[in-house]
Amino acid sequence: MVNLFIVANWKSNKTIEDTNNFLNEFKDLYIARDDVQVVICPPYLSVSTLSNFIATNNLKIDSGVQDISPFDDGAFTGEVSASQIKELVKFTIIGHSERRKYFGETDELLSKKCEKAQSAGIEIIFCVQNEDTPIPQGVKIVAYEPVEAIGTGHPDTPENADRVAAVIRAKHEGGIVLYGGSVTAENVNQFTSCVNIGGVLVGGASLNPSGFSSIIKNA
Ligand code: PGA
């Protein structure tokens with residue numbers, strides 16, 4: 001039974017060639033666990049490379065995207081809609097703090113993205129920056145990522161992350177709360193052993209095949 005999610009967020013990193021190199025190395029290092037659901041969210045350009053590789057090699061990994069259009073199919077230049085991407089992915093991240101900061105994404109826009117993902121049957125990993133960030137209806141997986149912990153090498157304390165996760169869970173009964181922000185193979189277990197934390201969202205440390213496989217092993 002799955003009780004931990006380990007989600008890789010590659011952000012705007014890796015070419016298609018880099019993705020193939022990562023996967024060829026990772027498949028020999030990765031030891032699948034019954035209790036862990038691994039999700040890799042590459043940039044859009046590598047999603048089909050990843051999904052095809054998973055299918056061909058019969059790997060216990062799911063693919064996801066890092067963002068999704070708030071619109072349906074149609075005249076929306078540059079966007080990829082939920083119904084277009086659903087044949088390739090099971091998950092989408094929505095509301096990452098970098099989307100909010102650099103692309104001006106508002107709570108209202110993020111709600112629309114969630115509606116589109118839900119109607120296409122894509123599972124949402126909704127990022128919140130603290131326990132007060134609004135969470136749209138129907139979201140089941142929330143990732144608590146304090147901004148000051150992202151990419152800094154200064155994670156939140158496991159005690160505080162567990163406290164915030166408990167507050168979020170109390171508001172969203174049945175919800176799963178992940179922690180993200182400077183997670184590494186060395187500290188992952190401090191977070192995954194917290195009673196209210198159901199997994200981790202990993203940025204920088206997911207880019208390296210051996211680092212990411214160690215995170216899965218140590219979680
Ligand atoms: P980080 O990023 O692991 O590099 O801190 C996490 C994230 O932004 O999802």
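A crossing is left-handed if the near helix is turned anticlockwise from the far one by less than a right angle, and right-handed if clockwise. The model is predicted: local features need pLDDT of at least 70, side-chain atom pairs count only at pLDDT 80 or more, and totals for chains, interfaces and linings use all residues. Residues are numbered from 1 along each chain as its sequence is written, and side-chain values use heavy atoms, without hydrogens and water.

**View 1. Helix α1 packs on helix α2.** α1 (residues 16-29) and α2 (residues 47-57) pack at about 25°, with axes 10 Å apart. That makes α1 roughly parallel to α2 (angles under 35 degrees). α1 passes α2 in a right-handed crossing. Ile-16, Thr-19, Asn-20, Leu-23, Asn-24 and Lys-27 of α1 meet Thr-49, Leu-50, Phe-53 and Asn-57 of α2 (contact: heavy atoms within 4.5 Å). These contact residues comprise 4 nonpolar, 5 polar and 1 charged.

**View 2. Phe-126 sits in the largest nonpolar core.** This core has 54 residues; such a core joins buried Ala, Val, Leu, Ile, Met, Phe, Trp, Tyr and Cys residues through side-chain atoms within 4.5 Å. Ile-40, Phe-126 and Phe-212 have the most contacts inside it. Among the residues that Phe-126 touches are Ile-94, Leu-110, Cys-114 and Val-139. A second, separate core of 12 residues includes Val-39, Ile-125, Cys-127 and Leu-201.

**View 3. Lys-11 has a positive phi.** Its phi is near 55°. Lys-11 lies in the loop between β1 (4-9) and α1. Lys-11 is partly exposed, at 22% relative accessible area (buried is under 20%, exposed over 50%, partly exposed in between; 1.4 Å probe, protein chains only).

Terms used
Axes are lines fitted to C-alpha atoms, for helices over the stretch in contact, and angles run from 0 to 180 degrees between N-to-C directions. Helices (H or I, at least four residues) and strands (E, at least two) are DSSP runs, numbered from the N terminus. Angles under 35 degrees count as roughly parallel, over 145 as roughly antiparallel, 65 to 115 as roughly perpendicular and the rest as oblique. Ala, Val, Leu, Ile, Met, Phe, Trp, Tyr, Cys and Pro count as nonpolar, Asp, Glu, Lys and Arg as charged, and the others, Gly among them, as polar. Lists of a residue's contacts leave out its neighbours within four places in sequence.
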